[in-house]
Amino acid sequence: GICKLITLRSGEILGAAILGAASGELINIFSLAIAEKIKVKSLANLVPIYPTFSEIIAKTTANWQQEMLNNNHQQKEFLEGFFLLRRDWNL
């Protein structure tokens, strides 16, 4: 299936769409998250008891976190500089 999240940079979920088997059951989790203002980071910590259709929630939130890291240019430049310094340190 497919799961799409519409979020703010802060992680607040504005909307969600799920296409596939059991999507009617899974959308309830996002409904709750929107109503209670639960952020994507908190949903990423949600571990399904058994790998089922709900695994798509974990994968979608993990992809969101990775995308946020890739878009954070200041942090990316800092880490690149740090690791370059660390590599040169051992020489």
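This is a predicted model: local features need pLDDT of at least 70, side-chain atom pairs count only at pLDDT 80 or more; totals for chains, interfaces and linings use all residues.
Reader: Let's pick Thr-61. How accessible is Thr-61, and what does Thr-61 touch?

Author: Thr-61 has 0% relative accessibility, so it counts as buried. Leaving aside residues up to four places away in sequence, Thr-61 touches Leu-5, Val-40, Leu-43 and Ala-44.

Reader: Nice. Where does helix α3 run, and what should its residues span?

Author: Helix α3 covers residues 55-71, which is 17 residues. At 1.5 Å a residue they should span 24 Å, and the end C-alpha atoms are 25 Å apart, which agrees.

Reader: Switching topic: how many salt bridges does the structure hold?

Author: The structure holds one salt bridge. The partners are Glu-12 and Lys-37, and their closest N and O atoms are 3.8 Å apart. Glu-12 lies in the loop between β1 and β2 (13-19), while Lys-37 lies in the loop between α1 and α2, so the pair ties together parts that are 25 residues apart in sequence.

Reader: Are those two buried or exposed?

Author: Glu-12 is partly exposed, with a relative accessible area of 25%. Lys-37 is exposed, at 57%.

Reader: Now zoom out for me. How many helices and strands does the protein have, and in which pattern?

Author: There are four helices and two strands. Along the sequence, the pattern reads β-β-α-α-α-α.

Reader: What is the radius of gyration of the protein, next to that of a compact globule?

Author: The protein has a radius of gyration of 17 Å, whereas a compact globule of 91 residues would have one near 12 Å. Taken along the principal axes, the C-alpha atoms fill a box of roughly 55 × 25 × 20 Å.

Reader: How much of the protein is buried, then?

Author: Buried residues make up 20% of the 91 residues. The protein exposes about 7000 Å², with carbon and sulfur atoms supplying 59% of that area.

Reader: Last one! What share of the contacts join residues at least 24 apart?

Author: That share is 44%, counted among contacts between residues at least 6 apart in sequence.

Terms used: Residues are numbered from 1 along each chain as its sequence is written. Side-chain values use heavy atoms; hydrogens and water are left out. The expected span of a helix is 1.5 Å times one less than its number of residues. A salt bridge is a side-chain nitrogen of Lys or Arg within 4 Å of a carboxyl oxygen of Asp or Glu. Buried means under 20% relative accessible area, exposed over 50%, partly exposed in between (1.4 Å probe, protein chains only). The radius of gyration is taken over C-alpha atoms; the globule rule is 2.2 Å times the number of residues to the power 0.38. Contact means heavy atoms within 4.5 Å. Accessible areas come from the Shrake-Rupley method with a 1.4 Å probe; for residues, only the protein chains shown count as cover.
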